[in-house]
Amino acid sequence: VRCSQVRTGQQRRLRKPTASVAAEPMEDAIIALKRSMKSALQEAELQIDHRQHEAMQIVSRLQADKERLYLEEQQLDEERREFTRLQALLNSELEEVSRLREEVEGRSLFACCMRPSAERISEVQLGDPDIDSIIGEGRGGFERDQE
């Protein structure tokens, strides 16, 4: 009984090396493939983690920029409202100046034909290219009238 077991064991041993000689290159190739796939998977996971980290940084930066732009927009809206308020105040003051000028100068039938008073001339800033081009040579005559 023992011999048959040994023989059976020997036969198995003899068969096993023969089968493993043919299977060894295959097994080695499978092991190398598994290692290669594992390495590629690890590299892919590292790249995914790196890209995910970059994406999170970009999202964080975009949120900070969005908040900054929101605050700037609020500030611009406030400045716009203040500008509109000041513009309305200036317009009302200019209307008041015009009304007071009309009261002081009086409205006569020939007021449109009269030469502007010296007070009006003093309102014009001399040296302003836009005003100088409008007034032209007439400025010399007004200066003589004021003296």
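Modeller: Here are the overall fold, the salt bridges and the confidence, in that order. This is a predicted model, in which local features need pLDDT of at least 70 and side-chain atom pairs count only at pLDDT 80 or more, while totals for chains, interfaces and linings use all residues. Residues are numbered from 1 along each chain as its sequence is written, and side-chain values use heavy atoms, with hydrogens and water left out.

First, the setting. The chain has four helices and zero strands. Helices (H or I, at least four residues) and strands (E, at least two) are DSSP runs, numbered from the N terminus. The order is α-α-α-α from the N terminus on. Of the 147 residues in the chain, 1% are buried. Buried means under 20% relative accessible area, exposed means over 50%, and partly exposed lies in between (1.4 Å probe, protein chains only).

Now the pairs. Side chains of opposite charge can pair when their charged atoms come close. A salt bridge here is a side-chain nitrogen of Lys or Arg within 4 Å of a carboxyl oxygen of Asp or Glu.

Arg-68 is partly exposed, at 40% relative accessible area. Glu-72 is partly exposed too, at 35%.

Asp-77 pairs with Arg-80, and their closest N and O atoms lie 2.7 Å apart. Both residues are in helix α1, three residues apart, about one turn of the helix. Asp-77 is partly exposed, with a relative accessible area of 23%.

Arg-99 and Glu-96 also meet in a salt bridge, at 2.4 Å from N to O. Arg-99 has a relative accessible area of 39% and is partly exposed. Glu-96 is partly exposed at 34%. Arg-99 and Glu-96 are three residues apart in helix α1, so they too are separated by about one helical turn. Elsewhere, shared partners link salt bridges: Asp-65, Arg-68 and Glu-72 form one network.

Last, confidence. pLDDT is the predictor's confidence in each residue, from 0 to 100. The chain averages 76, and 57% of its residues reach 70 or more. Among the elements, α1 has the highest mean pLDDT (85) and helix α4 (residues 138-146) the lowest (47). Over residues 1-17, pLDDT stays under 50, and the model has two contacts beyond four places in sequence for them. Contact means heavy atoms within 4.5 Å. Residues 137-147 also stay under 50, with nine such contacts. Where pLDDT is low, the predicted coordinates should not be read in detail.
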